[in-house]
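These are my notebook entries on one protein model. I set down here what I looked up, entry by entry.

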Amino acid sequence: MPALVSFTVTSAQARLVMLNATCAAVSTTPPYITQMLPMVMQEVSALGAMYSLKNQCAAGMKGSATTCASWRPQMEAALITQRIIAADKSAPHLKIAPVMSFYGNMLLTMGQDPSSARALFTECLAMLPNQMACVLGMARSSVQLNDLAGARTWYTALKAQAKDGDMLFPGLVEAAKYTA
């Protein structure tokens, strides 16, 4: 499984585990959880739709522009929910990769709209400064936009963050190509 695909699937799984643990830890379900459950289900549904289309879209099937983006409205709905939850001061601040990161990675996986992906990662970093998944997303979106100076900057930041980490982490392997 390609690194970006694996990361995106792992992110969805982690979000579901976090929601399940939160629900199990409290006697009543907080309102933000009732908002998050449909949001995560929208993400998972969009992820399934995206991967079912990925090979067809990569092969350049005719009339694919609309079909290849058919998963995006689900992610747009999840993004709106994420923003509502983030604005709710009564909800705890959840230190998880937000929808922005998930959606940005999906855009990059499909090779669609790297400018929007970059904007999503920028929003993610505003919520969670230096969040590794968002830093990596900024680097990858810079590559797809052919902004090699930007890619070098973000991959350098990623390497600095992970200097004591596993150097076989796919993002760090990528970083070596752009920061050598």
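This is a predicted model: local features need pLDDT of at least 70, side-chain atom pairs count only at pLDDT 80 or more; totals for chains, interfaces and linings use all residues.

Entry 1: I looked up both for helix 5 (residues 99–110) and helix 6 (residues 114–127): the axes come within 8 Å and cross at roughly 160 degrees. An angle over 145 degrees counts as roughly antiparallel, so I recorded helix 5 as roughly antiparallel to helix 6. I also noted that the crossing of helix 5 with helix 6 is left-handed.

**Entry 2: the contact.** I then asked which residues of helix 5 meet helix 6. On the helix 5 side I listed Met 100, Ser 101, Tyr 103, Gly 104, Asn 105, Leu 107 and Leu 108. Their partners in helix 6 include Leu 120, Phe 121 and Met 127. The residues of this contact comprise ten nonpolar, four polar and one charged.

**Entry 3: Thr 109.** I found Thr 109 in helix 5. A polar atom of the Thr 109 side chain lies 2.8 Å from the backbone oxygen of Asn 105.

**Entry 4: positive phi.** I noted that most residues other than glycine have a negative phi. Asp 113, in the loop between helix 5 and helix 6, has a positive phi near 55 degrees. Asp 113 is partly exposed, at 30% relative accessible area. Asn 146 also has a positive phi, of about 60 degrees. I located Asn 146 in the loop between helix 7 (132–144) and helix 8 (148–161). With a relative accessible area of 61%, Asn 146 is exposed.

Key. Residues are numbered from 1 along each chain as its sequence is written. Side-chain values use heavy atoms; hydrogens and water are left out. Axes are lines fitted to C-alpha atoms, for helices over the stretch in contact, and angles run from 0 to 180 degrees between N-to-C directions. Helices (H or I, at least four residues) and strands (E, at least two) are DSSP runs, numbered from the N terminus. Angles under 35 degrees count as roughly parallel, over 145 as roughly antiparallel, 65 to 115 as roughly perpendicular and the rest as oblique. A crossing is left-handed if the near helix is turned anticlockwise from the far one by less than a right angle, and right-handed if clockwise. Contact means heavy atoms within 4.5 Å. Ala, Val, Leu, Ile, Met, Phe, Trp, Tyr, Cys and Pro count as nonpolar, Asp, Glu, Lys and Arg as charged, and the others, Gly among them, as polar. A polar contact is a pair of N or O atoms within 3.5 Å; within protein, one must be able to donate a hydrogen and the other to accept it, and residues adjacent in sequence count only if both atoms are side-chain atoms. Buried means under 20% relative accessible area, exposed over 50%, partly exposed in between (1.4 Å probe, protein chains only).
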